[in-house]
Amino acid sequence: MSSNNEIASTMSTVSQVVSQLTGDGFLVNRVIVGNAQRPTIFLFVNDRCRALISSGRAHYRYIGNHCRIKQGAFEFGGCCVVWSENLIN
């Protein structure tokens, strides 16, 4: 369980990361803080996301059992940053 101080610190970090991502041309969809140890930031996919894949700074992962989803992902500022590309049949 996270303390209030840990959550407040995480929220501050997430705010800074969101500001940096926005400044770099990404559009944030939502944020999940969870247990404050590794927040997840969800982006709307755009050409900047695909450029990260092409440059090797991000990777694809596949999630879901019945309906597979292709997600791009990378670590940034202590956060997991992801976006969904499409559904895989």
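This note goes through the predicted model in numbered points, from the overall fold to single residues.

1. Basis. The model is predicted, so local features need pLDDT of at least 70 and side-chain atom pairs count only at pLDDT 80 or more, while totals for chains, interfaces and linings use all residues. Residues are numbered from 1 along each chain as its sequence is written, and side-chain values use heavy atoms, with hydrogens and water left out.

2. Overall layout. The protein has two helices and five strands; helices (H or I, at least four residues) and strands (E, at least two) are DSSP runs, numbered from the N terminus. Their order from the N terminus is α-β-β-α-β-β-β. Along the principal axes, the C-alpha atoms fill a box of roughly 40 × 30 × 20 Å.

3. Of the 89 residues, 33% count as buried. Buried means under 20% relative accessible area, exposed over 50%, and partly exposed in between, with a 1.4 Å probe and protein chains only. Contact means heavy atoms within 4.5 Å. Among contacts between residues at least 6 apart in sequence, 36% join residues at least 24 apart.

4. The core. A nonpolar core is a set of buried Ala, Val, Leu, Ile, Met, Phe, Trp, Tyr and Cys residues joined through side-chain atoms within 4.5 Å. The largest one has 14 residues, of which Leu 21, Ile 41, Leu 43, Phe 74 and Trp 83 touch the most other members. Two or more residues of this core come from each of α1 (4-23), β2 (40-44), α2 (47-55) and β5 (79-88).

5. Strand β2. What does Ile 41 contact, leaving aside its neighbours within four places in sequence? The partners of Ile 41 are Val 14, Val 17, Val 18, Leu 21, Val 28, Arg 30, Val 31, Cys 79, Cys 80, Val 81 and Val 82. Thr 40 is also considered here, and is found in strand β2. Thr 40 is buried, with a relative accessible area of 19%. Not counting residues up to four places away in sequence, Thr 40 touches Arg 30, Val 31, Ile 32, Cys 80 and Val 82.

6. Helix α2. Cys 49, Leu 52 and Ile 53 are the buried residues of α2. Seen down the helix axis, these buried residues fall within an arc of 100 degrees (the arc of the directions from the axis to the C-beta atoms), so they line one face of α2. On the other side of α2, Asp 47 and Ser 54 are exposed. An α-helix has 3.6 residues a turn, so residues three or four places apart point the same way.

7. Cysteines. A search of the whole structure finds zero disulfides, a disulfide being a pair of cysteine sulfur atoms within 2.5 Å. The closest cysteine sulfur to that of Cys 49 is in Cys 80, 13 Å away, which is too far for a bond. Cys 79 is in no disulfide either, as the nearest cysteine sulfur, that of Cys 80, is 8.7 Å away. Cys 49 is buried with a relative accessible area of 0%, and Cys 79 is buried with 1%.

8. Aromatic rings. The structure has three aromatic pairs. Rings of Phe, Tyr and Trp (its six-membered ring) pair if their centres lie within 6.5 Å; planes under 30 degrees apart count as stacked, over 60 as edge-to-face and the rest as tilted. The pair of Phe 26 and Phe 74 is tilted, at 6.4 Å centre to centre and 40 degrees between the planes. Phe 26 lies in the loop between α1 and β1 (27-32) and Phe 74 in strand β4 (residues 68-76), so the pair ties together parts that are 48 residues apart in sequence. Both Phe 26 and Phe 74 are buried. Ring pairs link Phe 26, Phe 74, Phe 76 and Trp 83 into a cluster.

9. Charges over rings. The charged end of Arg 30 sits over the ring of Phe 42, 4.0 Å from its centre. Such a charge counts if NZ of Lys or CZ of Arg is within 6 Å of the ring centre and within 35 degrees of the ring normal. Lys 70 lies over the face of Tyr 60, at 4.2 Å from the ring centre.

10. Partly exposed residues. Met 11 is in helix α1 and is partly exposed, with a relative accessible area of 43%. The C-alpha atoms of Met 11 and Val 33 are separated by 7.7 Å, the two residues being 22 apart along the chain. Ile 63, in strand β3 (residues 59-63), is partly exposed at 33%. Leaving aside neighbours within four places in sequence, Ile 63 contacts Arg 68, Ile 69 and Gln 71.
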